[in-house]
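Biologist: I would like a close look at a single part of this model. Take the nonpolar core and the helices around it, please.

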Amino acid sequence: MCWWVGGGAGDQRGEPDTTILSSIPLPELHLLMGCVNWALELLYKVVPKDDLQRRMRSKSISVHGYHSGGLDGNNSSNFLKNLDFIFEPLPDTLQPVYTMLTTFKKVVDSCFSMDLALTYQEDIDTFNQSVYNMIDHCQGILNINLKPTWKMHILVCHLKPFLDEKQTGLGIYCEQTSEAAHVMMQPTTKRFKRRSDHQLHGAKLFRSACDYSAK
């Protein structure tokens, strides 16, 4: 999909062969929180939530009230730094979750700073495989149907192509601009909003983008 933003004097237009995914920076902070909280919600289903949160707080990992006891950016980073401590008393059946988070920490170290590590492609490939392994493990062993979120979709499907093109770490991009655009678009997107599993979700989302752009 290509993009073209125009209208009026001083408009900025993308090249005809420029894709949207190569034009919009990936949201580093949201991807960090998304992966950690995705795994954390799974842990809540397997181990006592109060015990796990008590262990996290002993390492100054503060749990917030949103996202069913989720973590913000700083606490997500702190969670990754203390994986060995957090998983030490947990059952062996959660090893694939630990592996996924460990490989994700490697991706964060190699891709989420100003500089891009030479091993970023290998790190992402290893992480992607660990995600698939964890999902299979949850379905086959834990009897949990684990569905990837859109943030996990971005990490697995779009992070590597984006970095291949940009050849720089995500740390150079600022998310405030996209956040501001998100706030500005909310009144429009709410009018067309449908649940993600609704048959018209994609069509309505497209219409909301067209409606906002037309203004």
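Modeller: What follows starts with the whole chain and then turns to the core.

This is a predicted model, in which local features need pLDDT of at least 70 and side-chain atom pairs count only at pLDDT 80 or more, while totals for chains, interfaces and linings use all residues. Residues are numbered from 1 along each chain as its sequence is written, and side-chain values use heavy atoms, with hydrogens and water left out.

The chain holds 10 helices and 0 strands. Helices (H or I, at least four residues) and strands (E, at least two) are DSSP runs, numbered from the N terminus. Of the 215 residues, 37% are buried. Buried means under 20% relative accessible area, with a 1.4 Å probe and protein chains only. Contact means heavy atoms within 4.5 Å. Take the contacts between residues at least 6 apart in sequence: 60% of them join residues at least 24 apart.

Now the core. The largest nonpolar core has 50 residues. Such a core is a set of buried Ala, Val, Leu, Ile, Met, Phe, Trp, Tyr and Cys residues joined through side-chain atoms within 4.5 Å. F79, F104, F112 and F127 have the most contacts inside the core. Several helices each supply at least two of its residues, including helix 2 (28-46), helix 6 (95-111) and helix 8 (150-166). Helix 2 gives the largest share, 10 residues. In soluble globular proteins, nonpolar side chains tend to be buried together.

Look at F104. Leaving aside neighbours within four places in sequence, F104 contacts L31, L32, C35, V36, L80, F112, F127 and L155.

Last, L52, in helix 3. L52 is buried, at 3% relative accessible area. Not counting residues up to four places away in sequence, L52 touches L40, L43, Y44, V47 and I86. L40 lies 12 residues from L52 along the chain, and their C-alpha atoms are 9.6 Å apart.
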